[in-house]
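Student: I am new to this structure. Please take a close look at the side-chain contacts and walk me through them, step by step.

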Amino acid sequence: MGVIGGTGSGKTTLVNLIPHFYDTKTGSVYVNGRNVKEQGMQSYLREKIGVVPQKAILFKGTVRENLLWGKADATDEELMQALKIAQADEFVLQKGGLDAVVEQGGKNFSGGQKQRLTIARALVRNPEILILDDSSSALDYATDAELRKEIRALKTTTFIVSQRASSVMHADKIIVLDDGKAVGIGTHETLMQECEVYREIYHSQYDEQGGAV
Ligand SMILES: Nc1ncnc2c1ncn2[C@@H]1O[C@H](COP(=O)(O)OP(=O)(O)OP(=O)(O)O)[C@@H](O)[C@H]1O
Ligand SMILES: [Mg+2]
């Protein structure tokens, strides 16, 4: 599922309702048929949903310690596999592998590297639902595309939040948000025909021939 819209349109607010980070004022949110407000749902949601928040947060320590925060008993093999899917294995190996030092706030890693490490952390838990809140905004198009390919192959229900059409256009379904409202839900093709806001976003990023602007 892709979620697209301008800054402040409500993307983060929407996806944060899924793990019940806060309550709805009206309406209800169901995960696998159960209201997220139900008794006992909090631990279920924590276990089943992997959230990569918009702002990547890393702790002082090693790469291994940062990843184990997702699943304390994960093996090195599982950690490396998660890094690989997140397109983070190469730079981590260059920095010394799982024992590589992470400085306070992860400041010895670039913005895009931090994003990929936090994605890997969420993947370590093998979540049934993966929420990526603008988690690849600092990646170049090729790396972003490779990441999406790997994640698609996992067959995990995934919400990809982005301001970029290229990050969501291949999703099975895209929600277009504008000023807190869903102004379109559909595939890239139907939205291009029916949703003005989606068309505007697309054309601001692609020229008439479909090349990236
Ligand atoms: N804690 C809060 N209290 C009050 N208003 C908030 C709070 N968090 C967000 N908002 C407001 O809700 C609206 C939606 O914000 P949201 O963070 O969901 O947007 P977004 O689509 O994720 O934007 P961005 O692309 O910049 O991340 C904005 O107008 C924002 O100012
Ligand atoms: Mg946001």
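## Charges, rings and a ligand

Tutor: Start with Glu38. Its relative accessibility is 37%, so Glu38 counts as partly exposed. The cut-offs behind that word are simple: under 20% is buried, over 50% is exposed, and partly exposed lies in between. Keep in mind that this is a predicted model.

Now find the partner of Glu38. The side chain of Glu38 meets that of Arg34 in a salt bridge, with N and O 3.3 Å apart. Arg34 has a relative accessible area of 30%, so this residue is partly exposed too. Arg34 has another contact to look at. Its charged end sits over the ring of Tyr44, 5.1 Å from the ring centre.

A search of the whole structure turns up 12 of them. Look at Glu47 and Lys48. These two form a salt bridge, and their closest N and O atoms are 3.9 Å apart. Glu47 has a relative accessible area of 54%, which makes it exposed. Lys48, at 22%, counts as partly exposed. Glu128 belongs in this picture as well: salt bridges link Glu47, Lys48 and Glu128 in a network.

Next, compare a salt bridge with buried partners. The side chains of Arg164 and Asp144 meet with N and O 3.2 Å apart. This pair joins distant parts of the chain: Arg164 is in the loop between β8 (157-162) and α8 (165-168), Asp144 is in helix α7 (residues 141-154), and 20 residues separate them. Arg164 has 15% relative accessibility, so it counts as buried. Asp144 is at 1%, so it is buried as well.

Gln163 is partly exposed, because its relative accessible area is 36%. Along the chain, Gln163 lies 160 residues from Val3, yet their C-alpha atoms are separated by 8.3 Å.

Gln163 also leads us to ligand 1. The residues around that ligand include Gln163, Gln54 and Lys11, with Thr7 and Gly8 also among them. Which atoms come into contact? The side chain of Gln163 has an N or O atom 2.9 Å from an oxygen of ligand 1. For the side chain of Thr7, the corresponding distance to an oxygen of the ligand is 2.6 Å. Gly8 uses its backbone: an N or O atom there lies 2.8 Å from a ligand oxygen. Taken alone, ligand 1 exposes 640 Å², and the protein buries 45% of that.

Turn now to the rings. The structure holds three aromatic pairs. One of them joins Phe91 and Phe109: the ring centres are 6.0 Å apart and the planes are at 65°, so the pair is edge-to-face. The reason is the cut-off, because planes over 60 degrees apart count as edge-to-face. Phe91 is in helix α5 (residues 89-94), Phe109 is in the loop between β6 (101-102) and α6 (111-124), and the two are 18 residues apart. Phe91 counts as buried, because its relative accessibility is 7%. Phe109 is buried too, with a relative accessible area of 5%.

Finish with two backbone details. His20 is not a glycine, yet its phi is positive, at about 60°. His20 is found in the loop between α1 (11-16) and β2 (30-31). At 18% relative accessible area, His20 is buried. Lys155 also has a positive phi, near 60°, and is a residue other than glycine. Look for Lys155 in the loop between α7 and β8. Its relative accessible area is 75%, so Lys155 is exposed.

Note on methods: Residues numbered from 1 in each chain as written. Chains lettered and ligands numbered in written order. Predicted model: local features only at pLDDT ≥ 70, side-chain atom pairs only at ≥ 80, totals over all residues. Heavy atoms only, no water. Phe/Tyr/Trp six-rings, centres within 6.5 Å; stacked < 30°, edge-to-face > 60°. Helix = DSSP H or I, 4+ residues; strand = E, 2+ residues; numbered from the N terminus. Buried < 20%, exposed > 50% of the residue type's maximum accessible area, 1.4 Å probe, protein only. Lys NZ or Arg CZ within 6 Å of the ring centre and 35° of its normal. Salt bridge = Lys/Arg side-chain N within 4 Å of Asp/Glu carboxyl O. Near = heavy atom within 4 Å. Polar contact = N/O pair within 3.5 Å; in protein donor to acceptor, adjacent residues only side chain to side chain. Areas by Shrake-Rupley, 256 points an atom, 1.4 Å probe, with all protein chains shown as cover.
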